[in-house]
Amino acid sequence: MADQPTIVLVHGAFADASGFAGLIGDLEASGYPVVAPPNPLRSLLTDADSVARVVGAIDGPVVLVGHSYGGAVITQASAGMGNVKALVYLAAFGLDVGESCVSAQEPFPAPLLATENQPTTYDAVGSPGGPEVYVKKERFREVFCGDSSEEAAAVMYATQRPLAVASLTQNATAAGWKDIPSWFVVSDHDNAISPKAEEFYAERMKATTSHIDGSHTAFIPKHAQIAEVIRAAAEA
């Protein structure tokens with residue numbers, strides 16, 4: 001195991017790292033050490049700094065994996081980090097310098113999430129400004145986790161972690177994929193980020209790209225398939 005890179009899994013918005021449970025089991029069974037730190041979801045730059053500090057403290061090579069908004073975070077965090085050997089994007093934002101999660105989606109079909117989110121009446125604590133955002137209850141499963149059971153979706157709705165609006169509107173100032181080999185899994189039935197947008201991000205970064213027949217959180221029911229992609233990145 002000493003020779004294996006550490007896999008760092010970064011969750012996205014409206015979630016925590018518990019969704020990686022199946023994936024963690026698969027990767028650890030293959031001998032990889034795994035870390036799944038909390039993503040603060042306060043602003044892109046501070047979230048990236050938080051993840052970069054975790055990665056920088058790891059002795060040895062790292063494969064940095066980001067789901068959804070976590071893709072924007074690993075893009076920013078990985079720039080200039082010498083121990084990051086690969087980036088893996090799971091139905092994620094692959095921003096370029098000067099883009100935000102909002103602006104990077106504008107050229108593409110609006111996903112269902114665009115109309116099924118609810119801002120709070122109060123400002124997000126610990127954020128530069130603006131409210132928190134949640135996914136509405138009525139269509140949560142359809143938006144977020146259509147290939148998970150209704151029971152699992154109910155738990156994910158109840159435990160969803162809100163995203164500060166600043167995380168979506170703050171521009172990236174660096175893009176690690178410009179220098180680090182990247183892999184991208186496009187979720188073909190994603191209702192949170194347009195699959196067309198995901199395909200564009202993957203092509204722009206010249207990523208090794210695959211598609212999965214699943215929802216925004218396809219890595220939950222199809223963790224074994226996603227683990228294969230991460231292992232390929234680790235072994236490249």
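Here is a short chat about a predicted model, its salt bridges and one of its sheets.

Tutor: Quick ground rules: residues are numbered from 1 along each chain as its sequence is written, and side-chain values use heavy atoms, with hydrogens and water left out. Because the model is predicted, local features need pLDDT of at least 70 and side-chain atom pairs count only at pLDDT 80 or more, while totals for chains, interfaces and linings use all residues.

Student: Why is Arg53 called exposed?

Tutor: Exposed means over 50% relative accessible area, buried means under 20%, and partly exposed is in between (1.4 Å probe, protein chains only). Arg53 has 60%, so it counts as exposed.

Student: What makes Glu116 buried?

Tutor: Its relative accessible area is 12%, so Glu116 falls under the 20% cut-off. Arg139, at 33%, is partly exposed.

Student: How do you know that Glu116 and Arg139 meet in a salt bridge?

Tutor: The term needs a side-chain nitrogen of Lys or Arg within 4 Å of a carboxyl oxygen of Asp or Glu. Here N to O is 3.8 Å, so the pair qualifies. Glu116 and Arg139 are also linked with Glu142 in a network of salt bridges.

Student: What makes β6 and β7 a pair?

Tutor: Two strands pair if DSSP finds at least two bridges between them. β6 and β7 have two bridges, so they pair, in the antiparallel sense.

Terms used: Helix = DSSP H or I, 4+ residues; strand = E, 2+ residues; numbered from the N terminus.
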